[in-house]
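This report goes through one protein model, from the overall fold down to single residues. Please keep the sequence and the structure in view while reading.

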Amino acid sequence: MKEIKVDTLVIGGGSAGMAAALEIAERGFSVTIAERENSMGGILNQCIHNGFGLHHFKEELSGPAYAEKFIDMVDSSKIKVFLDMTVMDIEQTTDDLTAYGLSRDNGMVKFSIKTVVFANGCRERNRGSIGTPGTRPSGIFTAGLAQRLVNMEGFIPGKECVVVGSGDIGLIMARRMTWIGSKVKAVIEIQPYPAGLTRNIVQCLNDFDIPLYLSHVVGEIHGRDRVESIDVIPLENGVEQKDKSFNIKCDSLLLAVGLVPDNELAQKIGITINPETNGPVVNRQLMTGQNGIFACGNVLHVHDLVDFVTEESERCGRYVADYLDNKKPADQYKTTPGKNVKYLVPNYYSPKEDNKFYLRTMIVKNRAELVVKVNGKEITRKKLNHIQPSEMISFSIPGGKVENISELHNNILEVQIV
Ligand SMILES: Cc1cc2nc3c(=O)[nH]c(=O)nc-3n(C[C@H](O)[C@H](O)[C@H](O)COP(=O)(O)OP(=O)(O)OC[C@H]3O[C@@H](n4cnc5c(N)ncnc54)[C@H](O)[C@@H]3O)c2cc1C
């Protein structure tokens, strides 16, 4: 078996993996990226629509154009990249950290490493996740798979389709399917409000007269070999109104019903998973509960914008380099999601250092406020124009801002949305 010694192995060559690897290499440490696909870029490669990079590059790019900028930087760095390589396993003992990657060209490769960065993204929830009854014909796709088939493989998944889920991926696929000549008969959304950005509702649905059914669910799928139609049931106060159900004829169903961090590898080695994000529990330095093992990007928590993935992953890369430099972090205390907050990342903060947080709320509200408390005492408050569960919120707390640290208290930092 081929053996490679390297300071850091980055698992995944998407936007998170590339950004983290570049920062680590910049500090003079040796880095290898292992990427399962035959090119880097990850999910960006199939997102040929515009809307990427407004924060990071201050210009509007397509997914592949955004990826290309990072691929060029990786290519001109000292980072070693293994394409077509899947990291299968990681072993950690008190003294050693080892990872095993498998590829057709190299067979099994053993990496002896000091640090690992999980940057292996997320996967889509599917029909099983939402438990839709009915037959099991062909013609049912997750939206991301349909996007890949259309944008990268050159297939048309169906001629008459219904999209389930009004998040940005569902909306973008409704428009994409229309552009390739398919008739999009409806977008079905279980919530009483659209999950995606307003601009996407206008540009992807309204501009093409695609009906959006809010507070509706798919009751049953019909068809033996191929999808023939679906039953749609309205909800009133969350209760199905079966007597008001109606049928839509279609030959395909695109499911855009959420993304889940791909955390199997992390779980396999005993890393604690946050049940709210499905990604690892991490400290302020984005290090998991196991020494030298870090996580960033969609495997940590699902992000809306690639720019946030890049920002978080660059920071992760700097923390990895600090770890390799034996820089000792300051004392840390727990963070916790309070009223109306679904999750808060990271799970620890340091009062003496700058802290960056990401969270999602559980409510839709105009003119909300984000309130941060430590030991019950308010330390900062921020106004938010509009909040909704599908839009990630970020905020920072500079080092020194939290002053009431006390040995008598647990010093937990709590974030509420009011
Ligand atoms: C369909 C879709 C549309 C989007 N549209 C927008 C948009 O319009 N604007 C915007 O700003 N953002 C958008 N985003 C969000 C943003 O692009 C993503 O959040 C971001 O690119 C994710 O980066 P990542 O590196 O964390 O994950 P990924 O891009 O998923 O990268 C993970 C990589 O890890 C590899 N991998 C997985 N497991 C292994 C393993 N065991 N071994 C080796 N490699 C492995 C995968 O092959 C993949 O290349 C969209 C996301 C999706 C899914």
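## Overall fold

Among contacts in the protein between residues at least 6 apart in sequence, 61% join residues at least 24 apart. The model is a predicted one. Its secondary structure consists of eight helices and 28 strands. The radius of gyration of the protein is 23 Å, close to the 22 Å that the globule rule gives for 418 residues, so the protein is as compact as a globular protein of that length.

Along the principal axes, the C-alpha atoms of the protein fill a box of roughly 65 × 60 × 40 Å. Of the 418 residues, 41% count as buried.

## Domains

The domain assignment divides the protein into domain 1 (2–123 + 260–329), domain 2 (126–257) and domain 3 (335–417).

Between the C-alpha centres of domain 1 and domain 3 the distance is 26 Å. Each of these two domains puts 15 residues into the contact. On the side of domain 1 that touches domain 3, six residues are nonpolar, five are polar and four are charged.

## Around the ligand

Which residues come nearest to the ligand? Of the 36 residues around the ligand, they are G12, G14, G42, G121 and G297. By class, the shell around the ligand holds 14 nonpolar, 16 polar and six charged residues.

Domain 1 and domain 2 each give at least three residues to this shell. Several helices and strands each supply at least two of its residues: the helices α1 (15–26), α4 (143–153), α5 (168–179) and α8 (306–324), and the strands β3 (50–52) and β6 (85–92).

## A buried leucine

L254 is found in strand β18, which covers residues 252–255. Is L254 buried or exposed? L254 is buried, because 31 other C-beta atoms lie within 10 Å, and the cut-off for a buried residue is 20 or more.

Leaving aside neighbours within four places in sequence, L254 is in contact with F141, A143, A146, C161, V163, V164 and M173. L254 and I140 are 114 residues apart in sequence, yet their C-alpha atoms are 6.2 Å apart in space.

## Backbone exceptions

Most residues other than glycine have a negative phi, and most peptide bonds are trans. The cases below depart from that pattern.

D209 is not a glycine, but it has a positive phi of about 50 degrees. D209 sits in the loop between α6 (198–205) and β13 (212–213). D209 counts as exposed because 8 other C-beta atoms lie within 10 Å, and the cut-off for an exposed residue is 12 or fewer. S215 is also not a glycine, and has a positive phi of about 55 degrees. S215 is found in the loop between β13 and β14 (216–222). With 17 other C-beta atoms within 10 Å, S215 is partly exposed.

Which two residues does a cis peptide bond join? The bond is between V345 and P346, and its omega is about 5 degrees. P346 lies in the loop between β22 (341–345) and β23 (348–349).

How values were computed. Residues are numbered from 1 along each chain as its sequence is written. This is a predicted model: local features need pLDDT of at least 70, side-chain atom pairs count only at pLDDT 80 or more; totals for chains, interfaces and linings use all residues. A residue is near a molecule or strand if its C-beta atom, placed from the backbone, lies within 6 Å of it. Helices (H or I, at least four residues) and strands (E, at least two) are DSSP runs, numbered from the N terminus. Ala, Val, Leu, Ile, Met, Phe, Trp, Tyr, Cys and Pro count as nonpolar, Asp, Glu, Lys and Arg as charged, and the others, Gly among them, as polar. Domain bounds come from an automatic or database domain assignment. The radius of gyration is taken over C-alpha atoms; the globule rule is 2.2 Å times the number of residues to the power 0.38. Two residues are in contact if their C-beta atoms, placed from the backbone, lie within 7 Å.
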